[in-house]
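Trainee: I am new to this structure. Please take one part and walk me through it closely.

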Amino acid sequence: MTDTELAALDASHALHLLRRGDLGALEYAQALMRCMHARAGLHAMTHVDADAVRHAARLADDVPAGRRGLLHGLPMVVKDNIDVVGFPCTAGSPALAGHRPLRDADCVAPLRAAGAVVLGKSNLHEFALGVTSGNAAYGAVRNPHAPGRIAGGSSGGTAAAVAARLAPVGLGTDTGGSIRIPAALCGVVGFRPSTGRWPARGVVPISVPSRDTAAPMARSVADCALLDAVVCGEDPRLQILSPRGLRLGVPHEFWVDLHAGLATQLQDALEGLAAAGVVLVPMAMAVDLAAVGHVALTVAMHENLPSLRAYFADHGLPFDIHQLAGAIGSPDVRAIFNHLAQGGGPDAAAYAAALAEVRTRLRPAWAGAIARHALDALVLPTTPLPAARIGEDEAVQMDDRRWPTFDTYVRHCGPASIVGLPSVSLPAGCVTEQDDRLPVGLMLDGPQGSDRRLLAIAAALQPLLPPTPEPP
């Protein structure tokens, strides 16, 4: 098979070939590394160690057929804020340039034990604190579909690598949308599990225990579900569901104030689901999304420094917030750290009030709405906009208006993360914006703890949605 043919394999197909011995792990890994070299201008990766990859792939090829694990020889990329032995873990920052963990993150260890081969570490918005992946230290991650556009963030490198066929699967992290936003903008699948489902140890944090999670990205729901099953010790076989009769709530608050082309594209996608027998239930959540966003930000900013301090202590690293802020490369992230270093974060009273709001109002509102309408999930646009131009870090000029960058891209993803719900972004075709063909995403939010069923629903719906073409 040619490099292009190997790169086009999804994980499920590749694993079939790898386990049978029809494809060698070394052959596959080397083909993908050549693709990485050819697409280095995307800035999708921060670190690739070709010798280490070849060594791991050779070891995989030496495993007898009868002893090969569920992920035997599967190449993957891992966001560079997740610990992987043998690789740096920089959080995309000069501040951690020399940090090499001695133990795999708890979400990486089971994947490697099942046979996965880590190709390298993927780029991100520095310390995962942003939605553009405009990284000053490693270069802005470029969208494979339109290199002048953002890949989204903060897991932009993983999304770009999977979309550009540099790897079949990868890991990212999601606090307020950092997996689902880049998945939507790059045209891949991004899954956020219920908060606490995936282990947190070994991930450079933003908001532990309330909002952070690591999770998978892939080009199919089935591949995301496979990684989720391995990490969580679940049966890897998803329930097979018919789309007919599935009840999806269409909350009004999430279907207004959208980019015009995106709105049209996603309404057409909903019509396609309805034609296949999905029951669409118009509804209202009766919440102020801006207020939800304020609660979510309060929680994250109060938890940030204690979470980071705990990670540094776990790795024997000295923690000085002032030195850390001075070493940050990206101006927007440096400003956040300087603000926190000066005591500018939310105080304990504001944090307690935000947690009480989540506990007494937001979780009951979401659970009540889903139960009241007997819904399988909510369906909404993953983002209100397609990908912005690189450099539009403060405001995006699109549809003859200016949109605030951060607030716009996190608006729809934030609620599931603060409430703790599982959520998955599905590719739903493309829109045209100034001659660029840009992917858009349709998101499903499920009831808390319904992760495997939500993935089964997403797997049933993905074939019904408009396909996203391969990047040029």
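Mentor: Let us take Pro-384, which sits in the loop between strand S13 (377–381) and strand S14 (395–398). Strands here are DSSP runs of E, at least two residues long, and helices are runs of H or I, at least four, each numbered from the N terminus. This is a predicted model: local features need pLDDT of at least 70, side-chain atom pairs count only at pLDDT 80 or more, and totals for chains, interfaces and linings use all residues. Residues are numbered from 1 along each chain as its sequence is written, and side-chain values use heavy atoms, with hydrogens and water left out.

Is Pro-384 buried or exposed? Pro-384 is buried, at a relative accessible area of 0%. Buried means under 20%, exposed over 50%, and partly exposed in between, with a 1.4 Å probe and protein chains only.

Now its surroundings. Leaving aside neighbours within four places in sequence, Pro-384 contacts Asp-257, Leu-258, His-259, Leu-262, Thr-408, Arg-411 and His-412. Contact means heavy atoms within 4.5 Å. Arg-411 is 27 residues away along the chain, yet its C-alpha atom and that of Pro-384 are separated by 7.8 Å.

Next, the sheet. Strand S13 belongs to an open sheet of eleven strands, with mixed pairing and the order S1-S3-S2-S8-S10-S9-S16-S17-S13-S11-S12. Strands S1 (45–47) and S12 (279–283) stand at the edges with a single partner each, so one side of each has no neighbour in the sheet. S11 (residues 247–251) pairs with S12 in the parallel sense over five bridges. Two strands pair if DSSP finds at least two bridges between them. Gly-249 has Val-281 in S12 as its bridge partner.
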